[in-house]
Amino acid sequence: MASVTSLTAHVHQRLADALNAALPAAAAGADTDVDPLLRRSDRADFQANGILALAKKTKANPRELASAVVERVVTGDVIKGIEVSGPGFLNITMTDKAIIENLAQRAEDPVARLGVPYAENPGTTVIDYAQPNVAKEMHVGHLRSAVIGDALVQILEFVGETVVRRHHIGDWGTQFGMLIQYLIEHPHELDHKDSEVSGEEAMSNLNRLYKASRTLFDSDEEFKTRARRRVVDLQAGDPETLALWQKFVDESKIYFFSVFDKLDMEIKDPDIVGESGYNDMLDETCRLLEESGVAVRSEGALCVFFDDIKGPDGNPVPLIVKKSDGGYGYAATDLSAIRDRVFNLKASTLLYVVDARQSLHFRMVFETARRAGWLNGDTKAVQLAFGTVLGKDGKPFKTREGETVRLVDLLDEAIDRATAVVREKDTQGQLSEEEIAERGAQVGIGAVKYADLSTSASRDYKFDLDQMVSLNGDTSVYLQYAYARIQSILRKAGSTEPAAHPELELADAERALGLHIDRFAETLAEAAAEYAPHKLTAYLYQLASLYTSFYDKCPVLKAETPAQVENRLFLCDVTARTLHQGMALLGIRTPERL
């Protein structure tokens, strides 16, 4: 099925046609390509503000031009009425028939896209997100990268972009010399004896081994020497050393996958390409940068300098690609990843969902790649820099002991709180304990994700579980209960099926709901283009709010006529489908019963 033209697009075209017909002949040579600037209004279904700018360009009287446009706008089928307001605004009212027919077209979409069009010129986006470190516990700081990145994957794929996921895990470095050497001298520390281990057990194994090896490293000079030699062996590709390194990676993946599973997030093994994945490219990356003059030697190190980036002393701050001791910096790995993503994966966009505190690093890396010619007019790199998760006190989220909060602890607490809410709401005992636990997980994880995504990524936000699992206000629980309420109504309708009746006159609450549903495609296009999931959460919250108003003011099953019952059931159904699809794009479940 072809995409459905939105009511906004219909009105835009009618106004454009009328503007072209209304412009005086003297303005024929002027630049008249002015957007009507349509927006929703309290005074009408739409208000167009673009006449003022166009009148200024053509030296016309804005109110007279607006009146001329009104005379030429085709009305009756889509536009019910249009009038001039103030100095030259246009207030536009849609027909009830157009609203229902538009929704009916969306509801008939056989591929469940609700008539949402694909992007006209889709490309390939590589998204770098959810970057945990091998042999280290995931903490609250990993939450935002994972949640924001996963939502953007879903949104971009839905609008037609080809998306390549990349999880750039920290799986390389000097710390592995210590771990590997300890494992060589204590060879059974990671043996599972053919039994499966949980994520928590895997992390416990790694924590125990890390603490023991660190203690030995700090207290035994001979072990420290052996550990440092082991780093050299690792970097040289010694088979035994690499095999033991792989054991740490595999153990860590057991843990990673358990955390992502708890987050209700799909992470596939081929998408995990850590720092080690670019080892074979590092030397060539450095050679290319030096031969092209982009990087220069400074005190034995290979560096890139920037005139506009200076330190506190006023001297330029370099990007160190290769250290004076021959070791590679993070920049070498990140630049090699760019080369791989541009030339091998054929990416048109590189999107990095990374903490704002790394903004300077990525600014220098991207500029270096541009100077080298790896980023150009065909490929862009964007850092979606996200803010910090704060506690209720507005300070960085820590435990009482001042330690970083473990991500699994945070998620478990959210699930426990949500489960208590679900149990409390199940006053008639309709849910089994198994169903309560399942709903509790869906509500709890949804609450955490929604709180994160409903805030602009660049801003910090407060982690307040009491607010997150509240049934009131801008929370995922409010949206999930709206969806469950609709499903309850549809079940109670029995054999009465939802059906669109364009001939019916709509109440104000019905009109407001229908017009907002029509904006779903536009909202998704904005969220995708601006990498802004918070625009989708704002849309969905308003949708749930408008549905609540509709529910309060417009009886559904007790409507006055059978046709009105069917039409209101239809509005319920298309609202539920929009909520379900929108929440799914955010990675949030919508239970049928709550």
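A residue counts as buried when its relative accessible area is under 20%. By that cut-off, four of the five residues of strand 6 (residues 162–166) are buried, so strand 6 is largely enclosed by the rest of the structure. The model is predicted, and its chain has an average pLDDT of 92.

**Confidence**

- A pLDDT of at least 70 is reached by 97% of the residues.
- Residues 25–30 have a pLDDT below 50, and this stretch makes two contacts in the model beyond near neighbours in sequence.
- Where pLDDT is low, the predicted coordinates should not be read in detail.

**Overall architecture**

- The chain has 594 residues, of which 52% are buried.
- Its secondary structure consists of 20 helices and 13 strands.
- Along the principal axes, the C-alpha atoms occupy a box of roughly 90 × 70 × 45 Å.
- Of the contacts with a separation of 6 or more, 74% join residues 24 or more positions apart.
- The accessible surface amounts to about 27,600 Å², and carbon and sulfur atoms contribute 47% of it.

**Nonpolar cores**

- The largest nonpolar core comprises 154 residues, and Leu15, Ile92 and Phe248 have the most contacts inside it.
- Apart from that core lies another, of 30 residues, which includes Val304, Val365, Phe366 and Ala381.
- Setting aside neighbours within four places in sequence, isoleucine 92 contacts Val11, Leu15, Leu38, Ala44, Asp45, Phe46, Ala48, Ile79, Gly81 and Ile82.
- In soluble globular proteins, nonpolar side chains tend to be buried together.

- Strand 5 pairs with strand 6 in the parallel sense, over five bridges.
- Within this topic, aspartate 128 stands opposite arginine 166 of strand 6.
- Histidine 142 lies in the loop that runs between strand 5 (124–128) and helix 5 (143–158).
- Histidine 142 has a relative accessibility of 11% and therefore counts as buried.
- Not counting residues up to four places away in sequence, histidine 142 touches Gln131, Pro132 and Glu137.

**Serine 213 in helix 7**

- Serine 213 belongs to helix 7 (residues 199–219).
- The relative accessible area of serine 213 is 0%, so this residue is buried.
- Its contacts, leaving aside neighbours within four places in sequence, are with Met178, Leu179, Tyr182 and Phe223.

- Three strands form an open sheet in the order 7-8-9, with antiparallel pairing.
- Strand 7 (296–298) and strand 9 (319–322) are at the edges with a single partner strand each, so one side of each has no neighbour in the sheet.
- From one strand to the next, the twist averages 50°.
- Strand 7 and strand 8 (residues 301–304) are joined by three bridges in the antiparallel sense.
- Valine 296 is placed opposite cysteine 303 of strand 8.
- Helix 10 (residues 282–291) lies across strand 7, strand 8 and strand 9, and runs at about 125° to strand 9.
- Helix 12 (residues 359–371) lies across strand 8 and strand 9, at about 65° to strand 9.

Note on methods. Residues are numbered from 1 along each chain as its sequence is written. This is a predicted model: local features need pLDDT of at least 70, side-chain atom pairs count only at pLDDT 80 or more; totals for chains, interfaces and linings use all residues. Side-chain values use heavy atoms; hydrogens and water are left out. pLDDT is the predictor's confidence in each residue, from 0 to 100. Contact means heavy atoms within 4.5 Å. A nonpolar core is a set of buried Ala, Val, Leu, Ile, Met, Phe, Trp, Tyr and Cys residues joined through side-chain atoms within 4.5 Å. Buried means under 20% relative accessible area, exposed over 50%, partly exposed in between (1.4 Å probe, protein chains only). Helices (H or I, at least four residues) and strands (E, at least two) are DSSP runs, numbered from the N terminus. Two strands pair if DSSP finds at least two bridges between them. Axes are lines fitted to C-alpha atoms, for helices over the stretch in contact, and angles run from 0 to 180 degrees between N-to-C directions. Accessible areas come from the Shrake-Rupley method with a 1.4 Å probe; for residues, only the protein chains shown count as cover.
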